Structures are given as structure tokens and as C-alpha cells.
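Take a look at the model below. Keep it open while you read, and find each place as it is named.

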Amino acid sequence: MHVRLLSLLLTLTFATLVCGLFADEAFVVDWHVASIGSIDPSRAILSPDSVAVFSDSSVLASLDPGNGTVRWRYFLRESAVPRPSLLLKLDSSAILLAAATPADAAITHIAAWIEDSGYLIWEAYLTGGAPVGVSVAGDVYILQSGGKVRRVSHLTGSEVWEYSLPEGHSPVDIVASKGKVLIITRKQDSGLGYFTVNAESGEMASDRFVVVDKNAAAVSFSKSEGYGADILSWTAPGETSTIMVANLSDTTPSVHTITPKHLYASFSLASTSTGVVVAFTGLDGKSWAESYSSSRGKLTLVGSTDPTESASAVGAGKLFEISKGSISSFTLDSVDVNAEGTTEVSFPSSPIEFVTCSSSACLVGYQNGEYVFSSTTGVTWTRDESVTNVVSAIFMELEEEGQTASLGEVLFEENAAPLQAYIHRVKRHWNALAGLPQYLISFFHRFLSGDYDAVPIDPNSTVSDTFGFRKFIVLATTQGGLRALDTAHAGALAWKVDDVLQSDTIVGIVRSDAKDRLFVVGAFGSVAYVNGVTGKIIALSKIAQFGLGDKVESVITFTDDGVQYVAAWTAHAQLHFLSGSTPSKPVYFSKATESAIVGFIYKEDRLIHTWKFTLPTSSYRITSVASRDPDDTTVSVGRVLGDRSVLYKYLNPHILAVAAVDDATKSAALFLIDDVTGRLLYSSFHDDEVVDTAAGVKVVVGEHWVVYSYWSELATRGEKLVVLDLYESDIRNVRWSEGQNFSSFADTPLPFVQGRGYLFPEHITSLAVSRSRFGITNRDIIATLDTAQVALLRKRLLDARRPINREPTNDEKEEGLVKYDALIGNDKRFIVSHVYKVIGTEKTVCSPAHLESTVLVFSYGLDLFFTRITPSQPFDLLSKSFNKGQLLLTIFALLVAVRFTGPMVRRKQLNMRWGTQK
Amino acid sequence: MATPVWLTSYTELSSNAVKKPSASYPDPPAFNKEIILNTKTKHGKEILGPTPEERDTLKVKKAWEIALAPSKSLPMNAIMSYFSGSSLQIFSLTMTFMLFSNPVKAIANVGPTFARYESDSTFSRILQTKLVFIALQLATMAVGVWKMGSMGVLPTKRSDWLAWESETLVLEKGVFVS
């Protein structure tokens, strides 16, 4: 009974602190893009009913070959690294992944998965090094970098036998077939060769190291197995005219030399039923293929294609050639390479990175991050995985409908002669009348439904909705492209531009002072001026006087005295202003290095190094630095306490929160410094904990507070969330900054810092602070979790003033404080991503809507996730359940009642005056 | 002809005229004059009406009664205000409103209230009562003010003026290059 009462009380207390997402808002206000990451052709298996991929982002996924959607995927960041790893088919229904583990590269994680459902069949961890080669012949034969060879049961994953290579051999690959296992190695003085091991017993079949190429001291090696014979091919270093080939299926492999028609830059070799086919890419970028037939111990050229501007690849028994506008296929037989047909297809214009083919279809990777799955009849599907490699993301404001047309006209009317302005206005209003019927229809539609989303916005338009929920999110990708996503249409692509900076890599994008313009800055000084709403490149230029060998490190934007400046910061500590003017007043810059914060002053067009803040010991390294969002506005300079006195907030805009870890002692520290003078304002050390230093410390700066988190094993295992509230004084009603200007150089008192630590059960991968339009709404903390979720942590809950070990007094209750409880449970109502699996998010950006209550939140990294949050409840928005009909009916009923009772009352009053009625 | 007694008794309202007939005709049976008038006639004094001075004194006394009436409700108001708490509820709000509206009305009507007791001779004394009356009404209002204070609607604390405090102007411009 008591427990129940207590839990009820607790629920009531926290009801105000916790607010989840309503069921009718899920999938409406939010969207999620599930990605897999960059595909590597060596880790992609194309089969008729599945495309299995282990991506560069450690995602093992199976794509539907029909439409390219993800059938299942696993984020194996904890158990498998993409390099080195091997993905191959185990049998007709299962795939096998062998990869080094992230924690220890000497351990191989090997796992078998059912391809249809994604169920794990078995998994094993093998010591003896990273996987070098895996071959499947019934069971799994694996060669590891430590010289171990293992046979693993394909049914259970248990080890059947183990074989260790003799000394002096470095493993190259393994080929298993017909009861024997060939272990290809390189021996220091003997060259490339192989051992033969009995597949059943695991013992050396012949005591001989068969040398196939003595001179191949360092070879680039490739293996082709499966369809035809097992072929080993290699080239001598620096060789571009010949390829060495050995057929391992022969009882005594003989070495052949292939001399292609032209010099090649790269080649891929596949075995066919009769020989081999090699697809070459020439030094001039053109590609061709040559087919060789093997007969009586000799390889003879039987056919070839002409070098064309295309990419070619060999599927099972077929050759495919993909050019910009077409896909051609060729059949291969012992006689010739026969063209089967060419289909005109519109492929992306970006350069092709790779082509990998099955017997009927090809997966084409483009340099812009797009992947096209195409059969000989045309493109089946396209996936854009460039959004998994985002350099920077930015929200673009859209104009409200009709506003764009009026702005210039209003300015004209303000400045023109009165009569002219009057005529202009009348004309404008007359023209605007044309839109009246449409406006009325939409008005009544909206009025009756009570839903502002009821009037849908055209996805092709570039106008904002009433509440500013529609914006474009512009992403800059590592491939040098820009992608704009529409927040109101589930992240649909609004526009895209590839290779904006003409093969320069993008360092950052910032908004310019013109509302819809963006600066895109590249590492080598390229600057593109882009319309962020349409994606049109307005101008492309190079930074003037860009130092030789210099590199842009970051792009910054700041506003001083109402003027916005955009500048590029380079590795040589140069500052290039991009928006024309340079500041006339001195501006103080600070930059983080590995173990220090360095201060600069920019005055008289020169950047001068001024101060340096170094960490207390050299073993510390900085993991993250945060400063307050310069656009964040303060509404109230103090915090009102329960007795109506005021604690004044320490609102120094120069606060820089520097989080550092010590890898040796596994401890963490936080420093608050002034970024103008480098003065240390506050520091805290977490020495008695075992901090996960690899994960680092995540830190954010809110209005007058700092929140940081780190994972530690002691004293209690979990993510420690520490909140620091900064006040001008610990004495109430005392404000030393009153009536004076704040200068970092003045001897201002240090802030009074109140702190509380909280415990969160899940790993937090990043933190961000929400920002509303006017700063009246609470600022809450958005945390991305490694449980593939996005959580909203209430700052009111993470309060440094919560009373410890006692119930709050009446005054404290009025302040909204509840008793301190170190554990912030993983309440499901915190999770704004609800059922979405948002994996690999590393960063979150926020942007206010037109409504003060609402903040748009966008998380990116691998997956993309967007939602709207209302940290202080949607106080300026009627809920969808508000009964507008009832309100209207009531008003109507009242009008009717007044209409009928009015005459009655009048008559009565008249009668009373005449005295005919008492 | 002499004026008949009935006429005198109808026209003359002076006490003498009323008194006179008592001697001329006998009292009704069982009427005991002694019982009715014994308080005054015990010592054989004749019953006479109050003098103008006495009447004024009486009026002033009455005026004082009215002037001091609010003091009787004052403790009750204070106690009720105290016990109704500091929360903003309809009951305490109405009460607080009455604590202001009633005194204001009373002060506005102070002339008519005391008009009955006013004459040229009592003017100065009645003025005293008026002033006391007004003072007590103001005291009632003071209870109202105290009540408002306890409800927290008076801008007496620092936080009430916080909205008018502006942010400190920052002189330097610091930019962190992330």
C-alpha cells in the first residue's frame, strides 16, 4: 500500500518534469533515414534475392535487390571493424563475416548470418590475428595474420582443427577445394608459394613449400574463386604491362603471364568455365576486357573489347560494361567476347568508383556516394549513402508564402514619393486579390479542421509553412557534395549538387548575412557561394593570397556590431575573411589544439598570438570544447528562487568549456576558461574514477550552465552527467555586473558554481542544447545514445539546486525542485526517437521554429533523424484534440439565445416602466 | 370662549399642554401613574424633554458609535485574512477585493453617513469622528495591503523587478574557432 502510494506520488512529482511524445505525433512530426554507409565492392555479395553488404561504417546489411530498401541491418561497431574484414557466402542461404574486433585487432570475430532474416546462426572469436583469407568449402577455412589456419564448422562455428604456419612465412591467402587446403604465403627469401594441408586432418599433405614466383618479393595479389577455377594473380611491384596468373585448381599449378593490349592502372580478374577474363582500367582512364581460354597448359587470348570511357566488371560468366549513359553486357565463352546488348540508362553523372556484378545485375558505386543497382534492362534502384559522411549540417530558413514578392515592394513604398507609393500599393493589393479565392478556401479548410498541416505544402515549392516547421537541412558530404533535405516531407531530397568545389574537399558551410545564401569552403581555399534554397551555385572562387601548402581548418562566422563576418581559419593560423569587410574593432579568437587552447587577437588586419592555456599535466588531452551558441538569447538575467529573491546568472559570453581526459590514469577533467583572456574560471577533476577515455567527455554550454558527461566504471558503472550552474554570486540579490559593462580584462569576480552529478544508465554518444526563437522556452539537452536512440533530458531535472537527502522545502517546491536522486533512469518518455533505430548518430543540430515553444532537432552521423521538441510544452499551439467544433457550436448557440431572449428582455423592461407589470 | 381642552391637546404639542389634562380628568381605572413614570417622578421631578446640549451630546455619541464600528470588524478581517492563506483562490481574492472596495465606498460616503448628526454646534466634534472613521477604514485597507503582500502580488521583492533589468553589455568580441 505504501509502495503504491509512494509510486503514485513519485509519478505526480515527475509528471511535470517528464513529457514524452504523444502517440499521434509519432511518425508525423519526425522522420528517420536508415543508412548503411559506404559500400566497398570487396565486402558486397550480389545474389539474385539479396545484396549483402558490410559497409565502411561497420553496418552489416541485407538490401532488397528489387527496391534497395534495407531488409535488415546490424551496427557491428562493437564487434567488427570493416578493415580488415571479409564477407562471403557460407551456403545458399547464409553469409559469413570475418573481421578483426575493434578492441583487439589480434582477435577475429567470425559470424554466420541467415541472409533472409538476418538471424545469427553462430559466432566465434578466434585468437591468432586479424583475418587474412577465408575460404568456404563446406566448412570454413580461415587464415589469420598471426599465421594460424583454422577449420571452423559451418554448422556450429566450433573449431575442427588448427594449423600453425612455419616460421618465416607471412600469410597471403587461403583456398580450399577438393579435400585440400592451399595456404598461400610469402617467404622472405623464397618468394610467393603455397602449402597444401589436408582438409580433413589439418595436417600438412606435402612437406613442400611450392614456390610459384621467386621474384614476387612484394606483390599485389588477388584471388578469384567460385565460378570457375581458383585463380591466383599477382603483379610485380611497379609493373603495368603484365599480370602473373596461376591456376590453383591444377594439381601442379603452372604460372602464366598475361600481357594486355595496353598499359593498365588496375585490373580485376575473374575465372570463367573455360579460362579467365580480366577487366582493365588503362592509364588513360579507359577500360577494356580481355578473355583468355586455358587449354593444354596455355592461356590464349580469345577475345577482347575496345577501350571505352566506361567501367567494366565481370559477373558470373558475363562481362558488363557501364558507361555514363548505358549498360552493355557480353557473354564469355572459349571462342570470343560476344556483345549481348546495350541498354540506354541514365546513370548519375558522377565518376564511377567501382562496379561489381552478379550474373544478371551490377552494383555501381559513384564518387558522389550514390549506389546504383542496375540490370541489363535498366536501373533497378539508387541509394544515396553520401548522407552518412556528413562534414557539416545547417538549417536553411524558407520564406513564407508571398513574403518574397512583397519585401522589395514594401521597401519601395517606404521610400518612394507618397502618391507614387500609394498607386503602387493599390496596384499591389489589386494584384493580390487574385489569390483571394485560394486563400479563402485554404482558410476555411484550416479553420474547420483546426489543423495547420491540413493544407499541404507542395514538396516542389520552397516556401515555409505557417509555423516554420518546414526548413531545408543542407548537408555537406565528405565526397564534396551538398544535399538539401526537406524537413516537412520526411527528409525528401530538395536538391543536390555534386562536387561543389571542383574536387576540393569541403571543410565547412556557413550561412551568409543574406538569408538564403551559403558559403561552402574547401580545404584548399575554394569558396562556393550557393543559394541554399535552390542549390544554385552563384559564384565559385579561390581565397586570395592563400598560402602555399596551407589548408583551411575551419570556417567561422560571427557578428560584431551588427555586421556578420565569415572567415576561413587555416593551418598556418591565417584568417581569410570571405564576406568582404574585415572587423575594425579587435576580435579575440581561440583555437583548440591537442592539449592546449591558444588565443589570438585580430586587429589592424593582423592575427597575433596572445595566450595559451595548457592542461595541468602533459598526459591530459582535450576531447571536446564547447562554447555558448552565439545566437542564444537571454531573456532573464537572474533565476528567481522560491522566496522571490534572485540569483544572478553568470552570463559571460566568453566561456569556453574544455573537457580533457588522461589516458594513463583514466580520469577526466573540465576547465571553464575565458576565451578572450585565457583566464581559468573553474575546474573540476574526476580522478577517482575509471573513465572511458576513448569515448571522451561530451560537453555543452547552455545559457549560464555547462553539462558534460563521460562513461566511468567507478564508483557506479554508467554515464556520469554533471551539471554546473554558474551564478554571479552565491548571495541572493547581489549583482556585481549591474550598471556596468562587462570586460574580460577587468578584474571581475569568479563565478559561483553549483554542481550536481547524475547517473545515466546508457552510453551517451553526443550532447546538444535546444535553442528556441526568443529564449523564453526552457533549454533542454538532446543526447544521442548508443542504444540507437535519441533522448531528451530535461534541464529542470538536471538541476544543480535539487536538495540532497531531504524533501524540498515549500520555497524549493515553488522553484520546481524535487529531491535529488543521482540516478536518472532510462525513462522511455525521454526517448524522442521512439521505435526508430537511430544508429551511429554523432552530432545534433537545433533550429527554432517560428513558434517559440518548438525547436527542430536534427541528428546525423550514420542515420539521419529529425523531430520537433517542445521543452516547455506546446504552450502556443492548440493541441490536435482541441474540440474546435464544440467551441463553434457553443458560440453559435449563444448567438441564437441572445437573438431570442433580447426582445423578451426589452419588452419586460418597457412594461416595467409603464407599470403594467410588477 | 375658552379653547376646548381637546383642541389644545390636538394643536399644542408642548409637554405642558399634554400634561394639563391629566389634572382635569381622572386616570382610567387601574392606571398607575406611579408605575409608569416612577423613574422620573420618584423624587417628584417633572419629566422634561432633552435640552439641545443633551441632544448634541447624544448625536455625537451616536456618531462615535458609527465611527468606531469598523474597528469591530477589523480583527475579524485580519484573522480571516490570515487563515485564508496566501494562495490565489476565489475566496481569498473576493475577500481581498472587499477589503479595498468597502473602505473606499465608506470613505466616499462619509458625508451622508454622518449628515444626520451634523449641525453647526457639533461640526468640530463630528469632524473628529469622521477622521477616526476614515482612519479605521484606512486600517482595514492596510489589512488588505498586508493580505496582498502575503499573497505575493505586491512588487516588493527583487524578482519582481527582474524583468526590467537588462543584460550587461559585453565589450570584447570572442570567437572560438571550432
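This report goes through chain B and then several places in chain A.

## Chain B in outline

This is a predicted model. Chain B holds seven helices and one strand. Along the sequence, the order is α-α-α-α-α-α-α-β.

Chain B has 178 residues, and 25% of them are buried. Its accessible surface is about 12,500 Å². Carbon and sulfur atoms account for 66% of that surface. Now take the contacts in chain B between residues at least 6 apart in sequence: 73% of them join residues at least 24 apart.

## Helix 4 against helix 5

Two packed helices are described by the angle between their axes and the distance between the axes. In chain B, helix 4 covers residues 52-83 and helix 5 covers residues 90-108. They pack at an angle of about 150°, and their axes are 10 Å apart. An angle over 145 degrees counts as roughly antiparallel, so helix 4 of chain B is roughly antiparallel to helix 5 of chain B.

The crossing of helix 4 and helix 5 of chain B is left-handed. Helix 4 of chain B brings N77(B), M80(B) and S81(B) to the contact. Helix 5 of chain B brings F91(B), M95(B) and L99(B).

## Helix 5 against helix 7

Helix 5 of chain B also packs with helix 7 of chain B, residues 123-151. Here the angle is about 155° and the axes are 9 Å apart. Helix 5 and helix 7 of chain B are therefore roughly antiparallel. Their crossing is left-handed.

Which residues meet here? From helix 5 of chain B they include S92(B), L93(B), T96(B), L99(B) and F100(B). From helix 7 of chain B they include F133(B), I134(B), Q137(B), L138(B) and M141(B). L99(B) also takes part in the contact with helix 4 of chain B.

Now turn to chain A. R73(A) sits in strand 5, residues 70-75. Is R73(A) buried or exposed? It is buried, because its relative accessible area is 16% and the cut-off for buried is under 20%.

The side chain of R73(A) has two polar partners to look for. It reaches the backbone oxygen of K837(A) at 3.1 Å. It also makes a polar contact of 2.6 Å with the side chain of D863(A). Leaving out residues up to four places away in sequence, R73(A) touches several others, including H32(A), V59(A), L60(A) and I839(A).

## V838(A) and A788(A)

V838(A) lies in the loop between helix 5 (810-814) and strand 63 (841-848) of chain A. Its relative accessible area is 0%, so V838(A) is buried. Beyond four places in sequence, its contacts include H32(A), A788(A) and D863(A). H32(A) and D863(A) are also touched by R73(A). V838(A) and L60(A) are 778 residues apart along the chain, with 15 Å between their C-alpha atoms.

A788(A) is in the loop between strand 61 (781-785) and strand 62 (789-793) of chain A. A788(A) is buried too, with a relative accessible area of 8%. Its phi is near 65°, a positive value in a residue other than glycine.

S503(A) is exposed, with a relative accessible area of 66%.

P84(A) is in the loop between strand 5 and strand 6 (85-89) of chain A. The peptide bond from R83(A) to P84(A) is cis, with omega near -5°.

## Two buried strand residues

S375(A) is in strand 32, residues 370-375, of chain A. It counts as buried at 17% relative accessibility. Its side chain makes a polar contact of 2.8 Å with that of T377(A). Beyond four places in sequence, S375(A) is in contact with I327(A), S360(A), A361(A) and T380(A).

P171(A) is in strand 14, residues 169-177, of chain A. At 18% relative accessibility, P171(A) counts as buried. Not counting residues up to four places away, it touches V132(A), L143(A) and I184(A), among others. P171(A) and K187(A) are 16 residues apart in sequence, and their C-alpha atoms are 8.9 Å apart.

Technical notes:
Residues are numbered from 1 along each chain as its sequence is written. Chains are lettered from A and ligands numbered from 1 in the order in which they are written. This is a predicted model: local features need pLDDT of at least 70, side-chain atom pairs count only at pLDDT 80 or more; totals for chains, interfaces and linings use all residues. Side-chain values use heavy atoms; hydrogens and water are left out. Helices (H or I, at least four residues) and strands (E, at least two) are DSSP runs, numbered from the N terminus. Buried means under 20% relative accessible area, exposed over 50%, partly exposed in between (1.4 Å probe, protein chains only). A polar contact is a pair of N or O atoms within 3.5 Å; within protein, one must be able to donate a hydrogen and the other to accept it, and residues adjacent in sequence count only if both atoms are side-chain atoms. Contact means heavy atoms within 4.5 Å. Accessible areas come from the Shrake-Rupley method with a 1.4 Å probe; for residues, only the protein chains shown count as cover. Axes are lines fitted to C-alpha atoms, for helices over the stretch in contact, and angles run from 0 to 180 degrees between N-to-C directions. Angles under 35 degrees count as roughly parallel, over 145 as roughly antiparallel, 65 to 115 as roughly perpendicular and the rest as oblique. A crossing is left-handed if the near helix is turned anticlockwise from the far one by less than a right angle, and right-handed if clockwise.
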